[in-house]
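Please go through the model below with this report beside it. The headings mark the topics.

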Amino acid sequence: MPLALGSDSGRRMGATARVLPLATAPERPMVRLTATLGQGDSFGRMLQRAGVGASDAARVSEMVAAQVPLSDIAPGTQFDITLGRRSAPGNPRPLDKLDFRARFDLDLAIERSGGALAAERRPIAVDTTPLRIRGRVGAGLYRAARAAGAPVEAIRQYLQAIDQHISLESDVGAGDEFDIIIDYKRSARGESELG
């Protein structure tokens with residue numbers, strides 16, 4: 001029968017008499033997912049929403065709080081979660097593994113081994129050498145600093161600081177040079193954080 005008259009395309013076919021419904025659907029032995037800590041959300045609630053049982057969520061919250069204050073974990077932090085096999089249908093899955101970036105200089109991993117959860121700290125090497133940005137003012141100090149790679153907040157602070165001592169409109173010329181030193185952190189993973 002032609003496709004226009006309702007024939008099967010081969011991609012999706014209707015059920016025939018040979019298709020038998022399953023009594024129960026098989027479960028995956030483990031589930032891997034990523035959860036994100038929202039603004040104003042609590043760590044324990046985020047874990048429970050991801051499917052972690054209440055007892056595991058409470059235990060993990062205690063373990064993480066012993067390493068880093070839970071309030072220091074920034075909103076938007078992503079958590080790689082691995083949930084194991086259920087002990088019985090309807091029960092929550094046990095937490096097998098949790099990995100996340102607790103701070104700029106610290107990764108935390110919680111893993112189940114031998115039936116018990118254990119925390120592992122993974123420090124990340126961070127270089128804190130300040131960043132120096134220099135250039136010529138040209139058409140404008142703000143534009144020249146942005147073109148040289150300075151972040152907006154650092155330029156704002158710089159302009160406020162020098163505006164207390166000189167007039168930005170009459171004392172700064174196109175041939176003048178600027179020199180900004182910014183708090184700068186670089187992690188061994190390649191991320192950077194500007195102050």
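The report starts with the basis of the model and then takes its parts in turn.

## Basis

This is a predicted model, in which local features need pLDDT of at least 70, side-chain atom pairs count only at pLDDT 80 or more, and totals for chains, interfaces and linings use all residues. Residues are numbered from 1 along each chain as its sequence is written, and side-chain values use heavy atoms, with hydrogens and water left out.

Helices (H or I, at least four residues) and strands (E, at least two) are DSSP runs, numbered from the N terminus.

## The five-stranded sheet

Five strands make an open sheet, in the order E1-E2-E3-E4-E5. The pairing is antiparallel; two strands count as paired if DSSP finds at least two bridges between them. E1 and strand E5 (116-123) stand at the edges. Each has a single partner strand, so one side of each lacks a neighbour in the sheet. From one strand to the next, the twist averages 15 degrees. Axes here are lines fitted to C-alpha atoms, for helices over the stretch in contact, and angles run from 0 to 180 degrees between N-to-C directions.

E1 and E2 are joined by six bridges. Leucine 33 stands opposite isoleucine 81 in E2.

## Helix H2 on the sheet

H2 packs on the sheet and touches E3, E4 and E5. Contact means heavy atoms within 4.5 Å. The direction of H2 makes about 30 degrees with that of E5. H2 has 14 residues and reaches 20 Å from its first C-alpha to its last. That is close to the 20 Å expected at 1.5 Å a residue, where the expected span is 1.5 Å times one less than the number of residues.

Which residues of H2 are buried? They are Asp56, Ala57, Val60, Ser61, Met63 and Val64. Buried means under 20% relative accessible area, exposed over 50%, and partly exposed in between (1.4 Å probe, protein chains only). Their cover includes H1, E3, E4 and E5.

## Two nonpolar cores

A nonpolar core is a set of buried Ala, Val, Leu, Ile, Met, Phe, Trp, Tyr and Cys residues joined through side-chain atoms within 4.5 Å. The largest one has 25 residues. Phe43, Leu47, Val60, Val64, Phe79, Ile81 and Leu98 touch the most other members. Strand E1 (31-36), helix H1 (43-49), helix H2 (54-67), strand E2 (78-83), strand E3 (95-103) and strand E4 (106-113) each supply at least two residues.

A second, separate core has 14 residues, including Leu141, Ala150, Tyr158 and Ile180.

## Strand E9 and its partners

Strand E9 (residues 184-187) is joined to other strands. Strand E6 (residues 126-127) runs antiparallel to E9, with two bridges. Aspartate 127 has arginine 186 in E9 as its bridge partner. Strand E10 (residues 192-194) also pairs antiparallel with E9, over three bridges. E9 and E10 form a hairpin with four residues between them. Glycine 190 in the turn has a positive phi of about 100 degrees.

Tyrosine 184 lies in E9 and stands opposite leucine 194 in E10. Tyrosine 184 is buried, at a relative accessible area of 14%. Its C-alpha is 5.0 Å from that of proline 130, 54 residues away along the chain. Serine 187, also in E9, is buried at 8%. The side chain of serine 187 makes a polar contact with the side chain of glutamate 191 (2.6 Å). A polar contact is a pair of N or O atoms within 3.5 Å; within protein, one must be able to donate a hydrogen and the other to accept it, and residues adjacent in sequence count only if both atoms are side-chain atoms.
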